[in-house]
Amino acid sequence: MNLQSSLALRGTILRVLTCLSAWAERHWKWLTFLMWVAAVAWLLYSRWPSVHWLTLNDTDDNIRFVQVKDWLAGQGWYDLRQYRLDPPAGFNIHWSRLVDLPLAALMLFFRAFVEQGLADRLACAIAPMIPLLPLMLALGFIARRLAGGNGWILAALAPFAAQMGISMFVPMRIDHHGWQLALVVTMLAGLIDRNWLRGGVIAGVSSALSIAIGMEMIVYLAAGGALIALRWVFKEGAGRRMLPYALSLAGSVSILFLLFASYANRQMVCDAISPIWVAIFGAVGAGMTLLAMLPLRSWPARLAAGVIVGAAVAAFAWLNWPQCLTGAYQISPELERLWLSNIREAKPITVQARSLVVPLMAIPVAGLFGLIWALWESRRDSDRLWAWATVGLMMLFSTALLFWQLRAGPAAQLMAIPAAAWAAHRVIRAVIFGRPLVRLLGVCGIALIATAAFATPLYPQMNQLWAAISGERPKAEQPGRKARRQAINKANGRCRSLPALEVLNQLPPATIFTMVDLGPRIIATTHHSALAGPYHRNGKVILDLHHAFDGSPDAFRPIAARHHATYLLICPGFPEGTVYQARSPRGFYAGLMRGGRPGWLHPVSLKSGFALPYTLYRIDYSAPGGEKVPQQR
């Protein structure tokens, strides 16, 4: 092929690509929907074993499952007490029913065609993937707003490279975190929408919906509101976004409180939508409405007015409910020390293993480089520069929160996607349309971006490469420690498994005394009740359980009797149990693990075609205490 033919072919290819690009840009919403459908199909196929075995790994997923089933069985709309945790009074769950609606609707739909067990599994598989669609649409919208072209394709697909972020949207992850993440990204889309009225309404309603679901994202929502106010200060006319935002936020929070706040949440509580937050967001909305309507022509005047109104709203909240501004959970120092401080997600990224940190930070780091590049390129376009600054500040804020708690990881990854996807799009265009040197640099850039996108599966190779470059010799894990870690992981999986726990249904319904993290799984898979779940409103029962396992055998029985426990279930190697063993080596739980048990614990035999991963005891309250007998194996 001569040079002229080669150039003609290249020109034809470029024209075809240009036509396809224009068509894709016009129909981006429908294409995003089709990508979502393909993603749903793939996730269902790849995770069908989890669907089949009802693998609800997180405690919140199990409680959500039971909560929806109880509601469909007749429990009141506003009654969110879980009566099978610490019966008969039950556990007070601080959520709302907003996220219950799609899951319940899917359960009822599938029950019309298949048996109830399969219907409920299908509902649990599909429900978590519903918020993935608004997430992809919001990311696509942000990408189009910031750069135009077809960079939205990379932005819409990028969540699948964010391992921690996408984990909140996979089948069986039925709790509310996926919905909240999607709503926060939708709020961000509203912040930068060129249509100020639409953007303000979207940002306000998205924030209100997230608040109605739970308070976990309140810091991101507050940051978004602050950016709207800041834009109003420095941009004359930006009240056209702030006014609809303020009205829609305050109005939606009030309506959602009436529709979804449980009986418990109608009290003056800080950790859920309640009269406190209705009043605070009402004050925020009133203050922003007043500011938006004031005829202030200069930014110093708007800044001064904003400071005065903001201080008044803050003083109103602080003087009335100071406890909500210092800590929504309001737990005791003892509960913080014994329970919350042992939860990995509540610890900062600085104490996490490098195997977790490197894949987690890959997209935020790529996003940081993309942000710097984008800010430089947009320096002469004030409108786009402000939009990039808004996205960048939310990205940096969410990443900074990782140094407070690891649970900020999904938001940090998803907030970094617009900048990382923009950089990837620019690099790809350089490879296709650039000159030879630019194309060579683009190929190098694609390699780096691919490394960030596939950081999780590539981590072992990245670790080896780093060791070779730095001369650092990889530390060999001690055989004993490796075996112990493998045993813990095995116990964690087997003790939660449906086949193992369903064996307990051979016994009449009873209350089982077991570990905090195993309680929700037991009530989700059996007809039994349990004592506790990891929910801060019920800290007294959690402390009782910790005291029982940390204390002496003589102290255990009175605690178990107070909570009407009939059985004790112990799972050797279960992660929570290792905390009791390390903290209280002479405590009741550690003694059981060493092979001794009090005479008032009687092993219960259950019929099973396989070795059960746990040991079940009947608690005999009439037997004398203190004597020990060998542990049966």
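User: Which residue just after α27 takes a positive phi, and what is the value?
Analyst: This is a predicted model. Most residues other than glycine have a negative phi. The residue in question is not a glycine and lies in the loop between α27 and β5. It is His564, with a positive phi of about 60°.

User: Which residues of helix α27 are buried, and what do they pack against?
Analyst: Helix α27 covers residues 553–562, and its buried residues are Phe556, Arg557, Ile559 and Ala560. These buried residues pack against strands and helices: β3 (511–513), α26 (539–550), β5 (567–570), α29 (588–593) and β8 (615–619).

User: Is Asp86 buried or exposed, and what is its phi?
Analyst: Asp86 is placed in the loop between β1 and β2. Its relative accessibility is 13%, and the limit for buried is under 20%, so Asp86 counts as buried. Its phi is positive, in a residue other than glycine, with a value near 55°.

User: At what angle do the axes of α7 and α19 cross?
Analyst: Two packed helices are described by the angle between their axes and the distance between the axes. For α7 (residues 132–147) and α19 (residues 382–400), the axes come within 9 Å and the crossing angle is roughly 145°.

User: Which residues of α7 and α19 make the contact, and how many of them are charged?
Analyst: From α7 come Ile142, Arg145, Leu146 and Ala147, and from α19 come Asp383, Arg384, Ala387, Trp388 and Val391. By class, the contact has 6 nonpolar residues and no polar ones, and the number of charged residues is 3.

User: Which residue forms a salt bridge with Arg384?
Analyst: Arg384 is buried, with a relative accessible area of 14%. The N to O distance is 3.7 Å, and the partner is Asp381.

User: What does the salt bridge of Asp100 and Arg64 tie together, and which network includes the pair?
Analyst: The side chains of Asp100 and Arg64 meet at 2.8 Å, N to O. Asp100 lies in helix α5 (residues 100–111) and Arg64 in helix α4, so the pair ties together parts that are 36 residues apart in sequence. Both Asp100 and Arg64 are buried. Salt bridges that share partners join the pair into one network of Arg64, Arg97, Asp100 and Asp175.

User: How far apart in the chain are Arg173 and Asp58?
Analyst: Arg173 forms a salt bridge with Asp58, with the closest N and O atoms 3.9 Å apart. Arg173 is in the loop between α9 (163–166) and α10 (177–192), and Asp58 is in the loop between α3 (48–52) and α4 (59–72), so the pair links distant parts of the chain, 115 residues apart.

User: Which helix gives the most residues to the nonpolar surface patch?
Analyst: The patch is formed by Leu230, Phe234, Trp299, Leu303 and Val307, with about 470 Å² of accessible area together. Two helices, α12 (218–234) and α15 (299–320), each supply at least two of its residues. Trp299, partly exposed with a relative accessible area of 43%, is found in helix α15. With 3 residues, the helix that gives the most is α15.

Note on methods
Residues numbered from 1 in each chain as written. Predicted model: local features only at pLDDT ≥ 70, side-chain atom pairs only at ≥ 80, totals over all residues. Heavy atoms only, no water. Patch = residues over 30% accessible without salt bridge, like charges linked within 9 Å, V, L, I, M, F, W, Y side chains within 5 Å. Areas by Shrake-Rupley, 256 points an atom, 1.4 Å probe, with all protein chains shown as cover. Salt bridge = Lys/Arg side-chain N within 4 Å of Asp/Glu carboxyl O. Helix = DSSP H or I, 4+ residues; strand = E, 2+ residues; numbered from the N terminus. Buried < 20%, exposed > 50% of the residue type's maximum accessible area, 1.4 Å probe, protein only. Axes fitted to C-alpha atoms, helices over the stretch in contact; angles between N-to-C directions. Contact = heavy atoms within 4.5 Å. Nonpolar A, V, L, I, M, F, W, Y, C, P; charged D, E, K, R; others polar.
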